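Reader: I'm new to this one, and I'd like to learn how to read its features. Could you walk me through them?

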Amino acid sequence: MEERYDFARLEEKWRRRWEEADLYRCVEDEERPKKYILVMFPYPSGPAHMGHVANYNLGDVLARYFRRRGMNVLHPMGWDGFGLPAENAAIRSGVHPSKYTWDNIALLKEGLQRLGYSYDWSRELATCDPEYYRWTQWFFLKFYERGLAYKALAWANWCPSCRTVLANEQVVGGRCERCDTLVEQKALPQWFLRITDYAERLLADMDQLSGWPESVLTMQRNWIGRSEGCEVTFRVKETGQEIPIFTTRPDTLWGVTFFLLAPEHPLVDELTEGTPYREGVQAFRERLKGVSAIERTSLEAEKDGVFLGAHAVNPVNGEEVPIWTANFVLMEYGTGAVMAVPAHDQRDFEFARKFGLPIKVVIQPPGGDLRPEEMTEAYVDPGIMVHSGPFEGLDSEEGRTVRVPDYLEERGWGKRAVNYRLRDWLISRQRYWGVPIPIVYCSRCGMVPVPEEDLPVLLPEDVEFIFEGPSPLERSEEFRRTVCPRCGGEAERETDTMDTFVDSSWYYLRYASPRDKDRPFDPRAVRYWLPVDQYIGGIEHAIMHLLYSRFFTKVLKDLGMVDFDEPFTNLLCQGMVVMGGAKMSKSKGNVITPEGFIDSYGADTLRLFILFLGPPEADKEWNEAGIEGAHRFLHRVWRLVHRYLDILTFKTQPVPEDAEVLKRLSHLTHRTIKKVTEDIERFAFNTAIAAIMEFTNGLYREIEEYPDAFNTYEGHEAIRSLILLLAPFAPFITEELWEEVGGEFSVHQQPWPDYDPRLARSERITLVAQVDGKVRDRIEVDADVAEEEMERIALSSPKIRKNLEGREIARVVVVPGKLVNIVTR
């Protein structure tokens, strides 16, 4: 028995013991219910930082908890190994991306192991391992076979000085981050995955995601952007070419006064080639250099454009309107062509006002009389159709949804259509450190997929890393030159690599059988473990990673490889650890690493401190002042257990005469078990820790009142429960204390304590909830409810929430056992 809490000694002891016992290894067991808990794997950019601690704490608490609830828990870890930072490091310092990445993996793994996370390290994987990316390439070939992978021209960031393609991160303020040259848009042949084929399923299957935050589902719905309307065909007067457009407002077709094309639309060049308008188009495109699509389409952006010297014929009335190109029209949305109705679209209105183009009102508000010359903004609401041919006086909503679409279809001028904001997934990257795309080009056979038996297509090791010019793979003769698998003649390899989001779109499946050499995953293991029961990650991945993983899963279901529609049943989006309001990142120079805190206070203290900072979903402002409090608490637990260790025999003792003390002790124990259990289930880890702290304080009070209280069944139960409840949060100290009180190895394999509802029940009181001193609700709560819980209950009251709408909370005043007053600004 050691009286001093020597965290360094015991943490090293138990890390070694857990590893020797292979404590966290899991295997499929059809007799046990499974629980797959996964936190998004990290990009290995260096040692662990506090953001990692905050994220991986959450998954570890849940994994330890559910194991002890009898679940067979899969809790793996791996590395999102490919990415641009490794290649940039090679350019800056000459360190090969592979060495840079694997060295950082070793550093990050060491940091996570020091924190005691309960990963099954036998399932570790890295996306940059050829044994993994072989199967990423295999999936690409399956997509290609189904017509879901294709090559087409797409615009890329191009630095004319460095003569290279830039990632979005390498463009700062519209300029190359390296040489400060204005970045251009250049059309290059690039690879896409046809995610748009799955747009409707991606939307419809959100009904299965009741365990996801509504905010994430809303973001995905908006990103997919389903719009119902009509596709209408206009004709170029001068050439006879047909231009289809998509509109959600076919009821405004009679109000078209000009026609717009995206600057990138191929028709812009066709219409202006060899004409006086060519020079104006070139000057206009020059003005757009370095301006992002987001900036171009911003409502605040000044509208800009030029006339192309041609006219479009409106099919519904035969009117000829001028064709312009405009900065706010994008090739990526719809057809890259827009019918402009300035009276009823605000951006068109602003464009018309700037360039003196006509405005024609075709929807009048009920009882209104809009006059174009008097309008200060577009009228975008429903109304009565006017100046609209056969639909004069018709309700515009009926015209929009029924009458006008019928009219267009009857005459062959258009058809009902559904449009999506979602574009196909551009996966080409003109980079080295990524998965090579398994395609070769033969002068005789054309584009040829690499045979499956020839996978993986390996990245060459001996390449040159410089910033200028083509990518290292394009410059590598050894890599580029190959033999056509079809005819045996000379061929060249594809030199683009895949977007790293492709790698992470299926890693959760590989964890089920990460050492399988014959297939990407074992179907039997996937049937047992998948889908993931609890996924944890940042909301910044709401669109890309989560949407792409859903897409991958649906394709694999169509391939007959999985039997489920959605990869992640439940999703928890954790907040960030911030400093001065900014996310911790290397680029900002505000990264705090855990090593020094572990050396000074121990891993348990750091884990506890981070978990106690606030709810998982909230951002947490880094302030190390509180770590001392977490450390003192663990010392208190240590001293409490050791103070009575010699009499904790776990044998039932005769009930002493003062039974009231034991009743209080039992109530305190069972109430805490209930509270901590419920809080873990709802991810309220900070309030669970607060309850354990309160429990510890209560035990100290009872010891002072009745020193022999622990020499009873109730006392033994209290100490055992304290250790068992604290274990998911502070695994090292609890393992040591459990051993010292005679518990069987390991504390992390002991059943989760149950509570008796009768013993956990408290007296009830009425909590008064006020807003600015006025009573807005009365809520029945336990008499011994904690202050933090009082505040949470009051703020979650529907009556209080309704009363606070549109108001900002200044502070919350809690009077223990009586009232909560929410003070607004």
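This is a predicted model: local features need pLDDT of at least 70, side-chain atom pairs count only at pLDDT 80 or more; totals for chains, interfaces and linings use all residues.

Reader: Which domains give at least three residues each to the lining of the second largest pocket?

Author: A pocket is an open set of points on a 1 Å grid over the protein atoms alone, with protein on both sides within 12 Å along at least five of seven lines; a cavity is a set where a 1.4 Å probe fits but cannot get out, and lining residues have an atom within 4 Å of a point. Here, domain 4 (625–760) and domain 5 (764–824) each give at least three residues to the second largest pocket. This pocket has a volume of about 600 Å³, counted as the space filled by probe spheres set on points joined across faces, edges and corners. Its lining has 28 residues, with Lys675, Asp784, Val785, Ala786 and Glu789 nearest the centre.

Reader: Which element gives the most to that pocket's lining?

Author: Helices (H or I, at least four residues) and strands (E, at least two) are DSSP runs, numbered from the N terminus. H22 gives the most, with six residues. Helix H22 (659–681), helix H23 (685–705), strand S32 (774–782) and helix H27 (787–796) each bring at least two.

Reader: How many of the pocket's lining residues are charged?

Author: Asp, Glu, Lys and Arg count as charged, Ala, Val, Leu, Ile, Met, Phe, Trp, Tyr, Cys and Pro as nonpolar, and the others, Gly among them, as polar. The pocket has 16 charged residues, alongside nine nonpolar and three polar.

Reader: And how many cavities of 30 Å³ or more are there?

Author: The search of the whole structure finds three. Helix H3 (84–93), strand S6 (164–166) and helix H13 (472–475) are the elements giving two or more residues, and H3 has the largest share, with four. Nine of the lining residues are nonpolar, six polar and four charged. Domain 1 (32–128 + 501–601) and domain 2 (142–194 + 430–498) each contribute at least three. As for the second largest cavity, about 60 Å³ of space lies inside, and its lining includes Ala54, Leu58 and Phe685.

Reader: How many aromatic pairs does the search find?

Author: Rings of Phe, Tyr and Trp (its six-membered ring) pair if their centres lie within 6.5 Å; planes under 30 degrees apart are stacked, over 60 edge-to-face and the rest tilted. The whole structure has 52 such pairs. Take tyrosine 65 and tryptophan 752: their centres are 5.0 Å apart and their planes at 80°, so the pair is edge-to-face. Tyrosine 65 is in helix H2 (residues 50–68), and tryptophan 752 in the loop between helix H25 (731–740) and helix H26 (757–760), 687 residues away.

Reader: Are tyrosine 65 and tryptophan 752 buried or exposed?

Author: With a 1.4 Å probe and protein chains only, buried means under 20% relative accessible area, exposed over 50%, and partly exposed in between. Tyrosine 65 and tryptophan 752 are both buried.

Key:
Residues are numbered from 1 along each chain as its sequence is written. Side-chain values use heavy atoms; hydrogens and water are left out. Domain bounds come from an automatic or database domain assignment.
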